[in-house]
Each structure stands twice: as C-alpha cells, then as structure tokens.
Amino acid sequence: MKAAERRAAILAVAKVLFADRGYHGVSVDEIARRVGVSPAVLYRHFESKQVLYETVLGEIAARRESYVEAILAEPDDFAHVLRRMTRVYVNAVAEDPDYLRMELHSVLEGSSQARAFFENRWRPFAEFIAHSLAEVGRQTGQRTPDARVAGLMFQGMVREALYEKCILESPQVKDIPLEALTDRLVELFLRAVLPGGIA
C-alpha cells in the first residue's frame, strides 16, 4: 500500500471508531489493528493520537455543502429557499451520519475543531436567516425575532431531528421520510418566526 493510501485508510478507520466512541474510547493500537498496520506505522503518519483525532475532525468539519442551486432556483422567497437549503444539508448528513457523531464528540471533548463545525456547516443558515428576517421586517414594517436566536432555534430543530432520524433511528420518526421531516421542520420554524406565520 502506498503511503497516501495507507494514510487515507488510517483516517477512514479512525473516523468510524472516533465517531462511535469518541477520542477517549479508542486506542491507537485498536486503530492500527483495524487498518492492519503496526502502531509504529500509524505514528509515521500521525505523530500522536491527538493529531490523528484533530485531522479526522478537521476533514469532516471542513466539508461544505453548496447551496448555490438552492438559492438561485425559483421560487426565491425565504420559505422555499430555506426548505431547499435544508434538504441539501440533511441529505448530506444522511449520507454520512458519522458527521453528526463527530460534531457532538468534538463539542463535548472541547476540541479546537468544534468551532469549525459551526463555521462551515451552520453559518450559511444563520446568515441566510438573519438576512431574510431583516428583509421581511423591512417589507412588512413588523418586528421580527432576534436573528441570532432564530438561527439557534433552527439549528437545534434540524440537529435534533437528524439525531433522532439518522443516529438513534427513533421509532418516533422512523416512518417519516427524511424529505417530509425536513419540510415539516422548516414549516414549523417559519410559523414561529414570520409575522403572521407563513402563507
């Protein structure tokens, strides 16, 4: 196996193990054994378990979905764009649910990468919601909720639904298709934050 392939294999195995049990629940020996190399070989690629963990987190946290098509498509009102953006995000997470596990572990374990999860995954939503609520307020002359709080509310709703659906496989949402669950969340959010609800 070439060095680059071995490094990629180490990262892939480490991601699965860290996502399942967190930093403290996995040993270097176990990662090396699963990859089929010695710990010494692993240390040639990553100087410590901490460096390996931060590299795995960094690669996951740095991923960004493209929302360009979701934003440019018609209709272009707040509700439709937010629904399309949310579908892009939840579909990406559903394809790789280890992302959610790693995000949670990184926050609980105080990783320096924890902030990157917000910056790369949630900031587009926070900024879009803030801009859209400000625009609604200008157009209607009505007061809209604090955009920071609204952004947190939205993140919490979506994140919790994804935990229930993709990680815990909760019976509560088992029979609801992911797209339908996404649409219901967006609708509830819009009813809560828009003056007079949604049309």
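Trainee: How many helices and how many strands are there in the protein?

Mentor: This is a predicted model, so to speak a computed one: local features need pLDDT of at least 70, side-chain atom pairs count only at pLDDT 80 or more, and totals for chains, interfaces and linings use all residues. Residues are numbered from 1 along each chain as its sequence is written, and side-chain values use heavy atoms, leaving out hydrogens and water. Helices (H or I, at least four residues) and strands (E, at least two) are DSSP runs, numbered from the N terminus. Going by those runs, the protein has eleven helices and zero strands.

Trainee: What percentage of the residues in the protein are buried?

Mentor: A residue is buried under 20% relative accessible area, exposed over 50%, and partly exposed in between (1.4 Å probe, protein chains only). Out of the 199 residues in the protein, the buried ones make up 45%.

Trainee: How far apart are the end C-alpha atoms of α6?

Mentor: Helix α6 covers residues 78-95. For the expected span, you take 1.5 Å times one less than the number of residues. With 18 residues, α6 should span 26 Å, and the distance between its end C-alpha atoms agrees: 26 Å.

Trainee: Which helices do the buried residues of α6 pack against?

Mentor: Phe78, Leu82, Met85 and Tyr89 are among the buried residues of α6. Contact here means heavy atoms within 4.5 Å. The partners of those buried residues are α5, α7, α8, α9 and α11.

Trainee: Which residue forms a salt bridge with arginine 83?

Mentor: Side chains of opposite charge can pair when their charged atoms come close. To count as a salt bridge, a side-chain nitrogen of Lys or Arg must be within 4 Å of a carboxyl oxygen of Asp or Glu. In this pair the closest N and O atoms are 3.6 Å apart, and the partner of arginine 83 is aspartate 183. Arginine 83 is in helix α6 and its partner in helix α11, so parts 100 residues apart in sequence are tied together by aspartate 183.

Trainee: Which residues are linked with Arg83 in a network of salt bridges?

Mentor: Look at glutamate 179 and arginine 87, whose side chains meet in a salt bridge (3.7 Å, N to O). That pair also links distant parts of the chain, with glutamate 179 in helix α11 and arginine 87 in helix α6. Together with Arg83, the network holds Arg87, Glu179 and Asp183.

Trainee: Is glutamate 103 buried or exposed?

Mentor: Glutamate 103 forms a salt bridge with arginine 159, with 3.1 Å between the closest N and O atoms. Glutamate 103 sits in helix α7 and arginine 159 in helix α9, so the pair ties together parts 56 residues apart in sequence. At 5% relative accessibility, glutamate 103 counts as buried.

Trainee: Where in α8 does the kink lie?

Mentor: α8 runs over residues 114-140 and reaches 37 Å from its first C-alpha to its last, close to the 39 Å expected. The bend at a residue is the angle between axes fitted to the seven residues ending there and the seven starting there. The kink is about 60 degrees and comes shortly before proline 124, at tryptophan 122.

Trainee: Which residues is glutamine 155 in contact with, leaving aside its neighbours within four places in sequence?

Mentor: Glutamine 155 belongs to helix α9. With a relative accessible area of 8%, glutamine 155 is buried. Leaving those neighbours aside, its contacts are Phe118, Trp122 and Ala126.
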